[in-house]
Amino acid sequence: MDRVPFFDLKRQHATLKDELMPAIKSVIAKSAFSGGEFVEVFEKQFAEYCGTKYARGCGSGTSALHLALLALGVGPGDEVIVPAHTFIASAWGISYIGAKPVFADCLPDTWEIDPRAVEKAITNNTRAIIGVHLYGVPCDMDALQKIAKKHTLYLLEDCAQAHGARHDGTMVGSIGAVGCFSFYPGKNLGAVGEAGAIVTNDANVAEKVRMLRSHGEREKYVHEMVGYNERMDGIQAVILSVKLKHLDAWNKRKTEIVKKYVEGIENPAITFQTIPENVTPAYHLFVVTVQNRPTFIEHMKSRGIDTSMHYPTPCHLQKAYASLGHKRDDFPNTEYVADHCVSLPLFPELTEQEIERVVEAVNSYA
Ligand SMILES: *Cc1c(COP(=O)(O)O)cnc(C)c1O
């Protein structure tokens, strides 16, 4: 029997072949490769999708976070609070600008950033909080917004895993000061290479990101600030315009699959992520925890099911951040998830038979 792959982008691209190739050709025909008209079209579409006034394409999700912090004026000596349980790139932008990432633990049930841990981490140097909608499940934006307001901090949203998710009916990315997105190929909305974007209602931030991503210029060859080369490619933009039309259907299908998993899996060894009632996730990953992870992964493998882990080493215990002086037990909830998480296959093109095989394999684990 064929294996059930953890993820298979080839299936998605097979269904889109007739749309993607002509789109790429149109960019080549106009030589609009770096920034340019196709990027502007996508920016308009994506801002409308997110319900913000502005979207600015850039080179990656990592650069979106970096440029957003720069545009807000966060800098050396400042502290930015970010969850310890996330993909490491949530923190890179903070380090790039010479600020200090201050990690906060996650909640024990939703596995999203714990607002009370955030409040405890605030010092006189804190300038911003980055809320991450991990796995596509919105973090507690109500609580984070209250904290940000009370302490006059910027609230950024790392939406790299959550394109199309809603919090109290509002699109993620449009809630905080800036929403940062990744279009890495495997994300909910993926390019055919590297790409990212920021969305915001703040004209000043939008204009600053526009300049920062392109050598600090507003006018060609007039450099008003030290800038970067972090423009979005025309080919990525046109692909994203094609795929954006399918995003809601893909999110819906993944929500159906998650429902089948949650309803079908009956195994006391398996714990699901708790989903708050006021959110509509745009599932990027389906993550469970299990006490004895190695035997579970081995069992799934023997049943032909591929799995993954997101993420096995939390940010505060990475060598890259050794200088912060963290040790084990600093963030117990984060460390528990890191030590016990397993991601099951989740992508829209999974077949009913594959979904059933995953459920049966999980249920037969003892
Ligand atoms: C993917 C990801 C990023 C970085 O995006 P890239 O486009 O890969 O640079 C940042 N934060 C989170 C939570 C991510 O999953």
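An oxygen atom of the ligand sits 3.1 Å from an N or O atom in the side chain of Lys187. That is a polar contact (a pair of N or O atoms within 3.5 Å). Heads-up: this is a predicted model, where local features need pLDDT of at least 70, side-chain atom pairs count only at pLDDT 80 or more, and totals for chains, interfaces and linings use all residues. Residues are numbered from 1 along each chain as its sequence is written, and side-chain values use heavy atoms, with hydrogens and water left out.

**Exercise 1.** Describe the shell around the ligand.

*Solution.* 
- Step 1: You get 14, and Gly61, Thr62, Asp158, Ser182 and Lys187 are the closest.
- Step 2: sort them, with Ala, Val, Leu, Ile, Met, Phe, Trp, Tyr, Cys and Pro as nonpolar, Asp, Glu, Lys and Arg as charged, and the others, Gly among them, as polar. The shell splits into 5 nonpolar, 7 polar and 2 charged residues.
- Step 3: assign helices (DSSP runs of H or I, at least four residues). Helix 3 (61-72) and helix 4 (89-96) each bring at least two shell residues.

**Exercise 2.** Identify the pocket that holds the ligand and characterise its lining.

*Solution.* 
- Step 1: on a 1 Å grid over the protein atoms alone, a pocket is an open set with protein on both sides within 12 Å along at least five of seven lines, and lining residues have an atom within 4 Å of a point.
- Step 2: the ligand takes up the space of the largest pocket, about 510 Å³ in volume.
- Step 3: its lining counts 25 residues, with Gln161, Tyr184, Lys187, His284 and Tyr311 nearest the centre. Helix 3 gives the largest share, 3 residues.
- Step 4: by class, this lining has 12 nonpolar, 10 polar and 3 charged residues.

Note on methods
A residue is near a molecule or strand if one of its heavy atoms lies within 4 Å of it. A polar contact is a pair of N or O atoms within 3.5 Å; within protein, one must be able to donate a hydrogen and the other to accept it, and residues adjacent in sequence count only if both atoms are side-chain atoms. On a 1 Å grid over the protein atoms alone, a cavity is a set of points where a 1.4 Å probe fits but cannot get out, and a pocket is an open set with protein on both sides within 12 Å along at least five of seven lines; lining residues have an atom within 4 Å of a point. A molecule sits in a cavity or pocket if more than half of its atoms lie within 2 Å of its grid points. Grid points are joined across faces, edges and corners, and a volume is the space filled by probe spheres set on the points.
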